[in-house]
Amino acid sequence: MRHFLCYLSIAFSLFHMTATLNAAEQKNVLILFSDNQNWNDCGCYGNPVIKTPHIDQLAREGTRYQYAFATTASCGPSRGVFYTGLHVHANGQYGHPHGDHNFRLKPKVETVFALLDQNQYRTGMIGKYHLYPEDTTIDFQPKVSSYHVKEMADLATDFISQKTDKPFFLVMGYHDPHPTSRTQPEWGVKVQESGMSLINYDPQQIPVPSYLPDRPEVRAGLAGYYQQITYLDAGIGRVLKALEASGQADNTLVIFTSDHGSSEPGAMANHYDPGVRIPFIVRDPKKPESERGVVSDAMVSLLDITPTVLDWTNTKGPKYKLHGRSILPTVGKEHTPGWDEVCLSHVFHEVTMYYPMRTVRTRDYKLIWNGVQNIRYRSTPSHGRPGTKP
C-alpha cells in the first residue's frame, strides 16, 4: 500500500508538471478585425488628425505592414478569404452570403475555426461573422451588435479569462467604420454606450483623399467615419487591457487589420488601392525589443491570415493547398526577400454585380485584368427569353 501511494504521488506530480508546462506553452491568437477601413486611417500610418492611441500602441509593440491588401473589396467574400486562406474563386463564397445573394463556402472547404477545433483549441467569434454556412465548430459566438464595442469587449473579457487548459483563438469582428446609414451623414456612431466617450471631428480639419471630391457632404461623412474609427479604437483598448489582465498577453499573437478599404466610389468592389489596401499590424510576444516597432515592406494579404494562425498554433492544415502563406518569417523585419507581390481576385459583391477581376500588385506597379470588360447588361424583355427580341 505504501508503494502504491508513493507511485500515485509521483504520477500526480508528473501530471501536474505536464499540465503546467502545457499551459506555459499555450499559444493563443487574438484577431481584431475592422470593417471598411482605409490603410492609412490610423495615427501610426501617418494620419495627422485621427486619434487611434491603442492601435498605435499595438504598432509600437509589433510590426506594421506598409503593403497589406484585401484580395476583394467586399465584406462577405473578403471574410471567406480571411477564414479559409483561399481566393474567392476557389472557396465558393464568391459574393455576399446573406439574403438573396446566397453565396456560400464549398462543402469541402474547412475554416480556420474547424481546423483549430481539431487541434483542441477553444474558438470564439464575437461580432460580425458574415460567412455561410454557419460554422458549428465555434465554441463561443454570442449575439451582439458589432457596433457595440464595449459590450463586445465585455464578452471578450469573459472568454479570455475562462480557466481552462485549452489555448484560445478569438476573432473580434467589428462593424466600424462601415457606414451606419443610407442617408446623409452616412457615417458616425449611432449608439453611444454607457461609459464610452465620443470624439467629434471638425470636417474642415480632415484631409480629403485624392479619389474623393472636396465637398461639404464628403467632409461631413469623413468626420463621422473618423469618429467610428476612434470609437473602435477605444473598444480595442478594452480588449487588449483584458488580455493583459488575464496574464496571457505573453503567449498571444495579436493581429489587427480590416476586411477591405473604403466603401466610397472608386474603392468598394474594385481593385483600386482605396478599396483593397488595408492596415495590418502583428504583435508577436516572443519577439525581442529590437524587433518591435518595425515597419515592414513585405507584401501581405488576407490570404495569409489562416496559414499564419496554423503556423503559430502548430495546427495541421487542410488536405488541399492554401493560396496564402505564413507571415511569421516577416514579423520583426523591415525587409524579407521573396515578399514582393500579391495576387488579388474578385468575382461578385452582390449577386447582381458580376465583375470578375484578377490583379497582380507589386510595390510600384499594378496590373488589373477585368475578365468581362465588354459585358453588356440588358434588361429582360417583356416576351421571350432574356436577351432575345420579343
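**Charges and provenance**

I began with the charges and found that the mean positions of the 39 positive and 38 negative charges of the protein chain lie 6 Å apart; Lys and Arg count as positive and Asp and Glu as negative, with His and the chain ends not counted, and each charge is placed at NZ of Lys, CZ of Arg, CG of Asp or CD of Glu. I note that this is a predicted model, in which local features need pLDDT of at least 70 and side-chain atom pairs count only at pLDDT 80 or more, while totals for chains, interfaces and linings use all residues. Residues are numbered from 1 along each chain as its sequence is written, and side-chain values use heavy atoms, with hydrogens and water left out.

**The chain as a whole**

I looked up the secondary structure and noted nine helices and 10 strands in the protein chain, these being DSSP runs numbered from the N terminus (helices H or I, at least four residues; strands E, at least two). The radius of gyration of the protein chain is 23 Å, which agrees with the value near 21 Å that a compact globule of 390 residues would have; the radius is taken over C-alpha atoms, and the rule is 2.2 Å times the number of residues to the power 0.38. Along the principal axes, the C-alpha atoms fill a box of roughly 95 × 50 × 45 Å.

I then turned to burial: 53% of the 390 residues are buried, where buried means under 20% relative accessible area, exposed over 50%, and partly exposed in between, with a 1.4 Å probe and protein chains only. Of the contacts between residues at least 6 apart in sequence, 69% join residues at least 24 apart, a contact being heavy atoms within 4.5 Å.

**Strands E8 and E9**

Six of the eight residues of strand E8 (residues 341–348) are buried, so I recorded E8 as largely enclosed by the rest of the structure. E8 pairs with strand E9 (residues 354–362) in the antiparallel sense over seven bridges, pairing requiring that DSSP finds at least two bridges between two strands.

**Helix H9**

Helix H9 (residues 305–313) is also largely enclosed by the rest of the structure, because eight of its nine residues are buried; among them are Ile305, Val309, Leu310 and Trp312. Asparagine 314 follows H9 and has a positive phi, near 55 degrees.

**Loops and backbone geometry**

I kept in mind that most residues other than glycine have a negative phi, and most peptide bonds are trans.

The loop between strand E4 (168–173) and helix H7 (216–245) holds proline 177, whose peptide bond from aspartate 176 is cis, with omega near 0 degrees. Proline 185 is found in the loop between E4 and H7 as well, and a cis bond with omega about -10 degrees joins glutamine 184 to proline 185.

Last, I looked up threonine 111, in the loop between helix H4 (88–91) and helix H5 (112–118). Threonine 111 counts as buried at 6% relative accessibility, and, leaving aside neighbours within four places in sequence, it is in contact with Tyr83, Leu105, Leu131 and Asp135.
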